[in-house]
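Here is a short report for a first look.

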Amino acid sequence: MKEKELNKIKEYKYGFSTDIETIKAPKGLNEEVIKFISKTKKEPKWLLEWRLKAYKRLKILKEPNWQKPKYPKIDYQSLYYYSAPKSFTEKPKSIDDLDPKLLETYKKLGIPLQEQQRLNGIAVDAVFDSVSVATTFKDKLTEKGIIFCSISEAVQKHPNLVKKYLGSVIPITDHYFATLNSAVFTDGSFVYIPKGVRCPMELSTYFRINASQTGQFERTLIIADEGSYVSYLEGCTAPMRDENQLHAANVELIALDDAEIKYSTVQNWYPGDENGKGGIYNFVTKRGACRGKNSKISWTQVETGSAITWKYPSCILQGDNSVGEFYSIAITNNYQKADTGTKMIHLGKNTKSKIISKGISAGNADNTYRGLVDINSKAINARNYTQCDSLLIGNKCGAHTIPYIKNKNPNANIEHEATTSKISEEQLYYCNQRGLNQEEAVSLIVNGFCKEVLQQLPMEFAVEAQKLVGISLEGSVG
Amino acid sequence: MLKINNLKAKIDNKLILNGLNLNIKSGEIHAIMGPNGSGKSTLANVLSGKKGYKISGSVLYEDKDLFKLDIEERAQKGLFLAFQYPLEIPGVNTSNFLKTSLNAIRKSNGKKQLDALEFLKVVKSKAAALKIDEKILNRQLNVGFSGGEKKKNEILQMSLHEPKMAILDETDSGLDIDALKIVADGVNTLRDKKRSFLIITHYQRLLDYIKPDFVHVLMKGKIAKTGCSELANELEKVGYENI
Ligand SMILES: Nc1ncnc2c1ncn2[C@@H]1O[C@H](COP(=O)(O)OP(=O)(O)OP(=O)(O)O)[C@@H](O)[C@H]1O
Ligand SMILES: [Mg+2]
């Protein structure tokens, strides 16, 4: 009876799928499909041309293969690149006009969209497959001049901002998956915080992959104008499916003089089953430019889901005195694999970066930290501190730390620390003797191990993330 | 409370406990002495449920088969072991550990969970009684604690859990004279008609402060001799070889 109970909680809580009529682009990747996407979204000509330029470039690019987790070849022609609920042929005017099935879906995910049930102090943009279905608290944000909407809407309503910044951090000439995204991106969030404004609430996007055989290619663009501040959180889930699904998003952040962006991710895509069947390929490009002086960008990620996580949220520290931070927890269990880390590119004077990475590996999983600290010759007095800790549970999992350092500046200060430890039988025995069961014990030890990163999360999410950390390791000992 | 009958325990094919019998009634304090390697810690481990032993014989705890219970279930039902060598758990905050474990035990007994403030009040008063520096509560569990601090931390947990059956494995070893008195006071405050203790020690000194009802000598995995508290004095004089 005990075992049965355990199996029940081990199940992926968000694994349900929503049965909803969809409109899809024809299967496959070609110019026609890109034109279809652009037309469906009523995009201006310049954007279609931009997409086609990216596609042209994509055709000569090769899929990278240097990463640790290998995966079977993806057949890009057998995927759908656009899928939207049919009720979105004309976007519903308000949340009350939404298809009740969608409202129900988000409610089940713990993200109620309706007015009376909204999460306190958090504005949410909900993305379902290829479209943004709703954005909450819009009026309250508009009062302060803050723009928070889907990127599709921004293309229509704020074309100058989009045109100026889209692709300015991740150009269409970037690597394979980023360029693929530029060609076929569907929806995502857009944020603009005007000069001197401190965003009064957390902004959050909730990504949901629902349709099968569909890739999800969101694009997020956040601009913090001079002296502004914003904290943004991204959450994601997907149904349990036997197939692997590709998720290749691009996220661009731009911080101007004295601006600060805090970007947090709690990634809980479906990880596949205990035998490694199914799950999301999470191949995401995230990059922030600290363009102005004294600007700051801070990435915090809690990566617990996906079959393969392959991403390096990065900071380009252009402005003098700018600061980049990367706090990461990557948990892999069963047959999950992660190859993640960051790039800190120091260009300006007195630029500082800090990297705290906590990798936790259990079962047959494999976890790699890979990071680059690149200090330009002009980055006088640049400083970096890197700390990479790995925690192993059991004997069949792996952990690797691969730090690259390129330093062209003799007066730079670079510190690197790395540790690997293991949860021992004796530690678990001690916890058990004090009344904690295996799962509680592991959760307690692991949460202690990643405390420094969890502390970076907005309060509202820290508790959820702590629970998630425990849940994703369930069944890892015993 | 605890009835041990012909208990044998093997590890790596080495027989360590070899037909041990012991009966501890409610409210009694039993002391176990014995040479190094005679199996005292093994007995404590087997009773608390540590894995890796091949066991035969029977143990009844409150008239029920102890071996049917998992480690944590034994703990939740009031069996507490103060370890000879308390484990270090890096990253885990001591106060948080104490709170989580206390709440796990309370939960299984249908008691209300203590919130952070309620817990703090309780732990502070218990720590003060044991003259434990509050600062260690905010450190990582047992990491860098002195030998004495580790032992006191075990007794602090015992006084929080208020167990029915407490086993103390050489809690007195490594304690200074003042700490020894404090720990003994900790035990004496808990002393109660419904609570039993099994105290493993090498020194008669502790037994001057905690008067046991029985003293047993464990040799080669068996109880070789049982007596009242005077037996400890005698052992101090003549040593184990002359038993
Ligand atoms: N995993 C093991 N493998 C082999 N032998 C073991 C193992 N664990 C314990 N032993 C042996 O069992 C015997 C009893 O050990 P135990 O720790 O119970 O002794 P003790 O009476 O507590 O001694 P001390 O007074 O030194 O604490 C010792 O000889 C020890 O070496
Ligand atoms: Mg011992």
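## The magnesium site

Q84(B) is buried, at 16% relative accessibility. Buried means under 20% relative accessible area, exposed over 50%, and partly exposed in between (1.4 Å probe, protein chains only). S41(B) is partly exposed, at 24%. Both residues coordinate the magnesium ion (ligand 2), S41(B) through OG and Q84(B) through OE1, at 2.0 to 2.2 Å. S41(B) lies in helix α1 (residues 40-48) of chain B and Q84(B) in the loop between β6 (79-82) and β7 (89-93), so the pair ties together parts 43 residues apart in sequence. Donors are N, O and S atoms within 2.8 Å of the metal (3.2 Å for Na, K and Ca); water is not among the atoms, so sites may look incomplete. Helices (H or I, at least four residues) and strands (E, at least two) are DSSP runs, numbered from the N terminus.

This is a predicted model: local features need pLDDT of at least 70, side-chain atom pairs count only at pLDDT 80 or more, and totals for chains, interfaces and linings use all residues. Residues are numbered from 1 along each chain as its sequence is written, chains are lettered from A and ligands numbered from 1 in the order in which they are written, and side-chain values use heavy atoms, with hydrogens and water left out.

## Where the chains meet

The contact (heavy atoms within 4.5 Å) takes 18 residues from chain A and 33 residues from chain B. Together the chains bury about 2,100 Å², 62% of it on carbon and sulfur atoms. Buried area is the accessible area (1.4 Å probe) that two parts lose on being put together, summed over both. Y429(A), Y430(A) and R434(A) supply 37% of the area that chain A buries against chain B, more than any other three residues.

Two salt bridges join chain A and chain B. A salt bridge is a side-chain nitrogen of Lys or Arg within 4 Å of a carboxyl oxygen of Asp or Glu. E426(A) and K50(B) form a salt bridge at 2.9 Å, N to O.

## Salt bridges within chains

Over all chains, the structure holds 23 salt bridges. K358(A) and E452(A) pair at 3.0 Å, N to O. This pair links strand β20 (residues 352-362) with helix α11 (residues 451-454) of chain A, 94 residues apart. K358(A) is buried at 4%, whereas E452(A) is partly exposed at 33%.

K35(A) and E31(A) meet at 3.9 Å, N to O. They sit four residues apart in helix α2 (residues 31-40) of chain A, so about one helical turn separates them.
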